[in-house]
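Hi,

Here is the structure I promised to pass on. Please have it open while you read my notes below.

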Amino acid sequence: MIPTPVVVDVRRGAIADLADLLADQRISTAGRVAVALGPRSGADLAARVRPFLREADFYTVTAGTVDAALELAAQVRGGSYDAIIGIGGGKVLDATKFAAARVGLPMVAVATNLAHDGIGSPVSILDNDAGRGSYGVPAPLAVVVDLDVVREAPRRSVRAGIGEVASNLSAIADWELAHGLHGEAVDGLAMAFARTAAEAVLHHPGTLADDDFLRCLAEGLVLSGVAMVVAGSTRPCSGACHEISHALDLLHPGRAGAHGEQVGVGAAFASTLWDDPQGRARGDLITRCLSRHGLPVTPTELGFTWEEFTAAVVRAPDTRPGRFTILEHRDLDKDAVAAAVRGYAQQVQTG
């Protein structure tokens, strides 16, 4: 049995039917739920759902931290709720998933942007006293993406999800490498979900202006989350690309950019470390997709110098001990990493 969402609703106006979804799926027939919202857009979102969730109580998620998630869990504990609904971006959803796990309630994710694949994943990424941690949690019981609400989000927070999904191809290649060289177990279904999500977005001819592309992106992010549920880990969607992003977060916590943007650049760079034509073709496909949608392709477009990016690549393998990727396989020293980064710089500047 795979504990995937029982329903995924991606369309215009979906948030208005939230109460019906809860009742139809026997999640909460009376609407007795806790609703978690962010501090900035929370009031507007609460005004949208309060008319049809009259029995709900509303709570504010103050930050994307373990402390904020624990505070939410303490607030809803003992409230006799049927479920917790998180409405917002990645920080709100991750904190809500964590809180729901703590109090043993099902969680419904209502995404207001498409910045990352945490929409339907069994993982919460939360800041803690040591930096940023990844916590295993149950996947949402239902996922709702209202395309009208998504269109109101900052364009960057929607566009970043493209880099997140595209990076799946890099992560899958790393997983296959670990399997071939070290016998690491792989899951074909998880790979199929992650690869299908990536290729659908990479090859879609539309833009963020098109409902069809937004739907494709949203479904790709949800499918990536399901891939992680199937695998029992983040392996199908997280490889060298994410190691590089984690290193940037650790080395420059006050300057870290959008997660999807960083893993997109990480995937494009990591693809240049492969010697085979398939690896180079994968990198070209990812780079062209990033460029076409206006995402960063170089570290400078992320706000980092090439030297800072080099330091992050050197640090990257330490961020996920035990995970084998092209970075661990190549085992490059600092000088070799610097040479590889210079080569990538020349490639993107001339290509």
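The lining of the second largest pocket has six nonpolar, two polar and five charged residues (nonpolar: Ala, Val, Leu, Ile, Met, Phe, Trp, Tyr, Cys and Pro; charged: Asp, Glu, Lys and Arg; polar: the others, Gly among them). This is a predicted model, where local features need pLDDT of at least 70 and side-chain atom pairs pLDDT 80 or more, while totals for chains, interfaces and linings use all residues. Residues are numbered from 1 along each chain as its sequence is written, and side-chain values use heavy atoms, without hydrogens and water.

That pocket (an open set of 1 Å grid points where a 1.4 Å probe fits, with protein on both sides within 12 Å along at least five of seven lines; lining residues have an atom within 4 Å of a point) has a volume of about 250 Å³, the space filled by probe spheres set on the points. Of its 13 lining residues, Ala173, Glu176, Arg195, Gln278 and Arg282 lie nearest the centre. Helix α12 (277-292) is among the elements supplying at least two lining residues, and α12 gives the most, with five. Helices here are DSSP runs of H or I, at least four residues, and strands are runs of E, at least two.

Now to strand β2. All five of its residues (33-37) are buried, so β2 is largely enclosed by the rest of the structure; buried means under 20% relative accessible area with a 1.4 Å probe, protein chains only. Val33, Val35 and Leu37 point one way from β2, and Ala34 and Ala36 the other way.

Best wishes

How values were computed
Buried < 20%, exposed > 50% of the residue type's maximum accessible area, 1.4 Å probe, protein only.
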